[in-house]
Amino acid sequence: MKDRGPFSVIRLFSAFKYAVQGIQYAAKSEKNFQIHLFAASIVIILSFFLKLDKVEWIFIIISIFGVMALELVNSAMERAVDLATDKIHPLAKQAKDLAAAGVLVYTLMAVLIGILILGPKIIQLFY
């Protein structure tokens, strides 16, 4: 059992270090996370170019970070399921499929938010 003693700055920095290592691992090795990073970069650049207001930025940021967070949770779920069983089991498949579906649903919402915010601004560039 881990030590549950008083607050420790060292423990806090260790937790951040492990979280950053997880993000680095995903950025280097998880293809879907890389795709999301690329899409997020394009959206951020486009958002700066289109001069979004504060509320629009809030929705864009929530959308981007939500997709990224869910993709990380999905990857963790896949690892945990793979660790729990090396056999193809219907429940293991369902767990992985459900986690992936969560990412898909949130990503669809993020795309809709992007279309609603960025779409009219892009159209205005051509009229």
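Which helices each supply at least two residues of the lining of the largest pocket? They are α2 (31-49), α3 (54-84) and α4 (90-125). Helices here are DSSP runs (H or I, at least four residues), numbered from the N terminus. The model is predicted: local features need pLDDT of at least 70, side-chain atom pairs count only at pLDDT 80 or more, and totals for chains, interfaces and linings use all residues. Residues are numbered from 1 along each chain as its sequence is written, and side-chain values use heavy atoms, with hydrogens and water left out.

The volume of the largest pocket is about 310 Å³. A pocket is an open set of points on a 1 Å grid over the protein atoms alone, where a 1.4 Å probe fits, with protein on both sides within 12 Å along at least five of seven lines. Its volume is the space filled by probe spheres set on the points, which are joined across faces, edges and corners. Lining residues have an atom within 4 Å of a point. The largest pocket has 15 of them. A39, V43, I64, A110 and V111 lie nearest its centre. Helix α4 gives the most to this lining, with 6 residues. By class, the lining holds 11 nonpolar residues, 4 polar and no charged. Nonpolar covers Ala, Val, Leu, Ile, Met, Phe, Trp, Tyr, Cys and Pro; charged covers Asp, Glu, Lys and Arg; the others, Gly among them, are polar.

Helix α4 has 36 residues. From first C-alpha to last, α4 reaches 50 Å, close to the 52 Å expected at 1.5 Å a residue. The expected span is 1.5 Å times one less than the number of residues. At L118, α4 bends by about 35°. The bend is the angle between axes fitted to the seven residues ending at a residue and the seven starting there. Buried residues of α4 include V103, A110, I117 and L118. Buried means under 20% relative accessible area, exposed over 50%, and partly exposed in between (1.4 Å probe, protein chains only). The buried residues of α4 pack against α2 and α3. A100 is also found in α4. This alanine is partly exposed because its relative accessible area is 35%.

I44 is placed in helix α2. With a relative accessible area of 32%, I44 is partly exposed. Leaving aside neighbours within four places in sequence, I44 is in contact (heavy atoms within 4.5 Å) with W57 and I64.

K51 lies in the loop between α2 and α3. K51 is not a glycine, yet has a positive phi of about 55°. Its relative accessibility is 69%, so K51 counts as exposed.
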